Amino acid sequence: MAKSHSQFVCQQCGAIYTSWNGRCSKCGAWNSLIEQVPEDARDEKSAVSRGQASGKLLKYASINDLEVSNEKERLKTGFPDLDTVLGGGILLGSVSLLAGQPGIGKSTLLMQICAKIAETRTVLYISGEESAGQVKLRAVRLGAKSDNLKFASSTSANDIAKTIEGGEFDLVIVDSIQTLTLAEIASAPGGISQVTNCGNLIIRAAKTSGTAVIIVGHVTKEGTLAGPKVLEHLVDVVLNFEGDRYGGFKTVRAVKNRFGSTTEAAIFEMNQQGLSEVKNPSAALLAERQNTDGSIILATLEGTRPILVEIQALVTPSNFGYPKRTASGCDLNRLNLLIAVLERRTKLKLSDQDIFVNVVGGLKLQDSAADLAICLAIASAVAGRKLSEEYVVFGEVGLGGEIRSAFRPDQRISEAKKLGFTRAIAPATIKDKFVIPVRDLRDTLIKYVNEK
Ligand code: TYD
Ligand code: MG
């Protein structure tokens with residue numbers, strides 16, 4: 001199909017270009033150009049004048065008379081933790097986006113959810129990526145065999161929206177948005193205008209028919225693919241599926257949820273029968289631990305659930321002038337900041353050392369209370385001394401080297417007790433006998449890592 005000449009419009013000032021630029025030369029905004037089909041722009045102008053004439057007065061009602069959407073109508077996914085992430089299940093009429101790297105297990109998870117929901121409801125799985133044979137193979141392996149589970153292979157957003165609008169299904173899966181095309185738009189699938197418009201059409205169909213829809217979106221390793229990011233604003237729920245593609249734990253988090261909180265997370269593991277929820281992640285994460293220098297047990301939170309996880313640091317002299325810092329499972333900027341704090345506040349010499357920090361088990365830490373554990377791991381690796389086996393660590397580190405309080409200390413402590421730890425090196429603000437109170441990073445290092 002010949003590609004129509006699209007134009008690039010600055011979303012800040014409206015300047016039009018024939019090719020994409022990183023920066024709008026008219027208003028100076030960065031990364032603000034978005035591809036549009038010229039007909040769209042012409043349509044828009046005349047649409048405004050037509051729209052002005054065709055408006056009707058809104059019907060409004062008192063807030064007291066509004067009907068609450070039926071909370072009982074939530075579809076249970078068969079994964080209790082995932083239901084919690086969703087705010088109690090999938091709400092009928094809602095549109096969710098499941099975003100994640102290719103190969104992480106999105107199709108697997110959705111097929112398992114379909115199998116469960118199809119026990120009582122009608123479900124349609126639409127794939128634009130895989131053939132019927134491939135999907136059938138996976139369905140067999142995952143034990144999905146209900147007659148209520150239908151399959152269709154399509155990449156036409158028009159057809160999919162029409163089918164959803166028919167209202168025949170309670171749940172429809174669209175795998176994936178990047179493969180869909182709207183016949184009226186000439187650009188290639190996966191581009192911004194296709195993704196936004198296909199998304200909009202499907203959302204409209206879901207709302208009018210009260211069908212729950214889950215849309216799959218691929219994200220690159222850096223999370224940069226523009227398509228799904230644009231969709232985030234349009235859908236009701238955005239679920240991020242992240243973690244290690246090859247083994248390890250994978251987490252599903254809600255980064256946006258119009259029907260629930262965004263503090264919960266579900267932890268999964270991939271095995272022969274598909275994904276299963278990990279019930280006791282701490283025990284699994286600590287099973288293979290060797291207490292060496294540079295290894296610290298952090299009491300962290302994944303959502304509202306406490307988890308003990310091992311943080312490992314390796315410090316070696318740099319071979320080249322510029323020292324290397326690598327973070328896996330935690331934020332590299334945060335690691336650089338902590339290294340700066342360590343150098344400035346504790347007089348640890350790190351400027352000629354390569355530093356590698358690893359969070360064991362594929363978890364991605366989003367907890368500021370990991371700071372103290374990362375600092376202790378680095379200091380322990382530098383000193384070549386281990387911390388006592390019976391200690392867990394948590395606490396945020398400030399730029400002044402002060403140790404600050406952490407969320408939900410009680411839950412962290414009770415998880416540590418449950419797994420047989422005897423003390424926690426933690427902020428002094430916590431009043432608990434279990435805690436060895438610490439206030440300052442330098443004192444902590446001298447006392448617990450460098451002691452002879
Ligand atoms: P998939 O769900 O297709 O990933 P996505 O849709 O996110 O691209 O599958 C992810 C990987 O999981 C795939 O490489 C094979 C593996 N897998 C298992 O290990 N066990 C299983 O039961 C299934 C169905 C897949
Ligand atoms: Mg897939």
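Reader: Which residue is the bridge partner of Cys10 in E3?

Author: The bridge partner of Cys10 in E3 is Leu33. This is a predicted model, in which local features need pLDDT of at least 70 and side-chain atom pairs count only at pLDDT 80 or more, whereas totals for chains, interfaces and linings use all residues. Residues are numbered from 1 along each chain as its sequence is written, chains are lettered from A and ligands numbered from 1 in the order in which they are written, and side-chain values use heavy atoms, with hydrogens and water left out.

Reader: What joins strand E1 to E3?

Author: Strand E1 (residues 7–10) is joined to E3 by 4 bridges, and the two run antiparallel. Two strands pair if DSSP finds at least two bridges between them, so E1 and E3, with 4 bridges, are a pair. A strand is a DSSP run of E with at least two residues, a helix a run of H or I with at least four, and both are numbered from the N terminus.

Reader: Which order do the 3 strands of the open sheet take?

Author: The order is E2-E1-E3, with antiparallel pairing. Strand E2 (16–17) and strand E3 (33–36) are called edge strands, as each pairs on one side only.

Reader: What makes strand E11 mostly covered?

Author: In strand E11 (residues 237–243), 6 of the 7 residues are buried. Buried means under 20% relative accessible area, exposed over 50%, and partly exposed in between, with a 1.4 Å probe and protein chains only. By that criterion, 48% of the 452 residues of the protein chain are buried.

Reader: How many bridges join strand E6 to E11?

Author: There are 5 bridges between strand E6 (residues 95–100) and E11, which run parallel. In E11, Val237 is the bridge partner of Ser96. E11 also pairs with strand E12 (residues 250–257), in the antiparallel sense over 7 bridges, and there Val237 stands opposite Asn257. The hairpin of E11 and E12 has 6 residues between the strands, and in it Gly247 takes a positive phi near 75°.

Reader: How many residues surround ligand 1, and which are the closest?

Author: The shell around ligand 1 holds 16 residues, and the closest are Gly103, Lys106, Ser107, Thr108 and Arg138. A residue is near a molecule if one of its heavy atoms lies within 4 Å of it.

Reader: Which elements give two or more residues to the shell around ligand 1?

Author: They are helix H3 (106–117), helix H4 (132–141) and strand E13 (265–271). H3 gives the most, with 3 residues.

Reader: What makes the meeting of Arg121 and Asp170 a salt bridge?

Author: The side chains of Arg121 and Asp170 meet at 3.8 Å, N to O. A salt bridge is a side-chain nitrogen of Lys or Arg within 4 Å of a carboxyl oxygen of Asp or Glu, so the pair at 3.8 Å is a salt bridge.

Reader: Why is Asp371 called buried?

Author: The relative accessible area of Asp371 is 1%, so the residue is buried, the limit being the one already given. Asp371 forms a salt bridge with Arg334, the closest N and O atoms being 2.5 Å apart. Arg334 lies in helix H9 (residues 332–346) and Asp371 in helix H10 (residues 371–383), so this pair ties together parts that are 37 residues apart in sequence. Arg334, at 29% relative accessibility, counts as partly exposed.
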